[in-house]
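Open the model in your viewer and keep the selection panel at hand. We will go stop by stop.

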Amino acid sequence: MSPSLPLATTAERRHRLGRRHRLAPSARATSAAQAADAVVGPARHRRRDRLPLRPRPPLRGGRPGRDREGPLRGRQPRPAAQHAQHALRRLHRTRPVRGRLPPRSIAAKERRTLLEHLAKDGQGLDAAWLAQAEADALAALDAQGASTGSQISAAVPALRQKITIGRGKKYETEAGVATRVIRLLAADGRIRRDRPRGSWTSSHFRWVHTEPWPALPAAEARAEIARRWLHAYGPATEADLRWWTGWTLTDVRKALAAAGADQVRLDDGSTALVSPGDTAPEPAPEPWVALLPGLDPSGMGWADRGFHLDPAHRPALFDYAGNLGPTVWWNGEIVGGWAQRPSGEIVWRLLADPGRAAEEAVTAEAVRLAQWLGEARVTPRFRTPLERELVA
């Protein structure tokens with residue numbers, strides 16, 4: 001490592017997180033698309049895609065309630081919560097949370113897997129059958145408009161077909177093809193999610209026919225992803241990008257080289273990467289607090305989270321598989337966790353002592369979150385020890 005490399009301190013990395021992830025008040029987004037772009041796409045929270053966007057307005061709603069001690073009860077949702085449904089129609093949900101392959105690569109992998117299942121099933125279903133099923137599904141969407149998976153299956157008999165997966169194995173199971181065909185169409189960019197049935201927390205969403213995205217060579221797509229990720233998450237390392245994407249080390253290195261990453265040195269003497277020319281010190285934003293949902297990208301963007309997370313807090317905030325639960329942030333550092341009880345109460349606990357100003361800010365933010373959620377319930381898909389304790 002060269003001592004002449006620009007120094008990126010832990011404090012500056014936290015400043016970047018607050019500004020670039022649009023969590024500091026002066027850096028907040030003006031649209032849902034802008035908020036999503038700031039973190040290179042928000043992760044899902046049990047099919048509730050709006051939660052990672054809510055702390056990065058414009059998805060806030062309501063007026064701050066009066067600070068008070070104890071649990072905070074939810075109130076009626078404000079118009080901004082409804083506005084979020086419409087704003088998010090500009091965004092496209094893609095798979096998966098990790099393993100961020102370019103869409104064409106995802107689609108090719110999905111198609112190979114499904115064709116293998118069809119061939120092993122032994123009913124004579126092949127590529128021609130799949131192509132016809134896809135065409136019929138698109139025709140049904142054209143005729144019916146936005147439709148749920150069940151409505152598409154009702155209109156397309158082929159999608160009601162059952163196949164056996166893992167025949168003769170311990171894990172043998174019978175499964176329908178509808179979900180797999182719809183997932184393939186989505187990976188191909190030929191359909192996209194529309195508004196859900198019912199409230200914004202509903203799992204029963206609709207699909208609409210859309211034009212596929214323009215084709216882009218995989219290497220070029222990976223380079224673009226790397227550039228965006230470096231701007232949002234740098235300083236970071238090859239290991240961080242590999243963890244975040246699920247790419248091979250070779251693909252990671254090629255993408256970073258194509259992105260033109262620059263080097264900086266960290267407090268511990270190691271080196272990290274930033275986007276080209278992005279080595280200047282980051283000014284400190286004003287104090288900020290955030291209550292982020294489980295799997296939020298601000299907590300899951302690095303393999304090594306030491307600059308914003310005390311290792312002693314990991315057992316309380318992560319589940320057994322390494323999934324991060326709901327977290328409380330103060331000035332770029334995770335200082336605790338929060339939960340919503342079945343009654344709607346928002347409760348939180350600090351795992352560090354960030355001071356009185358931080359506690360007051362967390363209390364106020366919890367009030368705003370309760371107001372925004374209203375009657376909605378947001379139990380995480382991945383339950384962590386602290387979240388379970390708070391709900392109990």
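## The whole chain

The secondary structure comes to 14 helices and 11 strands. The model is predicted. Color the chain by burial: of its 392 residues, 48% count as buried. Residues 24 or more positions apart account for 67% of them.

## Stop 1: the sheet β1-β6-β7

Select β1, β6 and β7. These three strands form an open sheet in that order, with mixed pairing. Which strands lie at the edges? They are β1 (7-8) and β7 (271-274), each of which pairs on one side only. In general, strands of a sheet pair through backbone hydrogen bonds, either parallel or antiparallel.

Zoom in on β1 and β6 (residues 262-266). They pair in the parallel sense, over two bridges. Pick A8 next. Its bridge partner in β6 is L266.

## Stop 2: A11 in helix α1

Step along to A11, which sits in helix α1 (residues 10-20). A11 and P281 are 270 residues apart in sequence, yet 9.9 Å apart in space, C-alpha to C-alpha.

## Stop 3: α8 against α10

Show helix α8 (residues 218-233) together with helix α10 (residues 249-259). Their axes come within 8 Å and cross at roughly 70°. That makes α8 roughly perpendicular to α10, because angles of 65 to 115 degrees count as such.

From α8, select R222, A223, A226, R227 and L230; from α10, select D251, A255, L256, A258 and A259. These two groups meet. The contact residues divide into seven nonpolar, no polar and three charged.

## Stop 4: the buried face of α9

Move to helix α9 (residues 238-245). Which of its residues are buried? Select D240, L241, W244 and T245. Look down the axis of α9: the buried residues fall within an arc of 115°, so they line one face of the helix. The general rule is that an α-helix has 3.6 residues a turn, so residues three or four places apart point the same way.

What covers the buried residues of α9? The cover includes α8 and α10 from the previous stop, and also α11 (297-300).

G246 follows α9, and its phi is positive, near 80°.

Terms used. Residues numbered from 1 in each chain as written. Predicted model: local features only at pLDDT ≥ 70, side-chain atom pairs only at ≥ 80, totals over all residues. Heavy atoms only, no water. Axes fitted to C-alpha atoms, helices over the stretch in contact; angles between N-to-C directions. Helix = DSSP H or I, 4+ residues; strand = E, 2+ residues; numbered from the N terminus. Parallel < 35°, antiparallel > 145°, perpendicular 65-115°, else oblique. Contact = heavy atoms within 4.5 Å. Nonpolar A, V, L, I, M, F, W, Y, C, P; charged D, E, K, R; others polar. Pairing = 2+ DSSP bridges. Buried < 20%, exposed > 50% of the residue type's maximum accessible area, 1.4 Å probe, protein only. Arc of directions from axis to C-beta.
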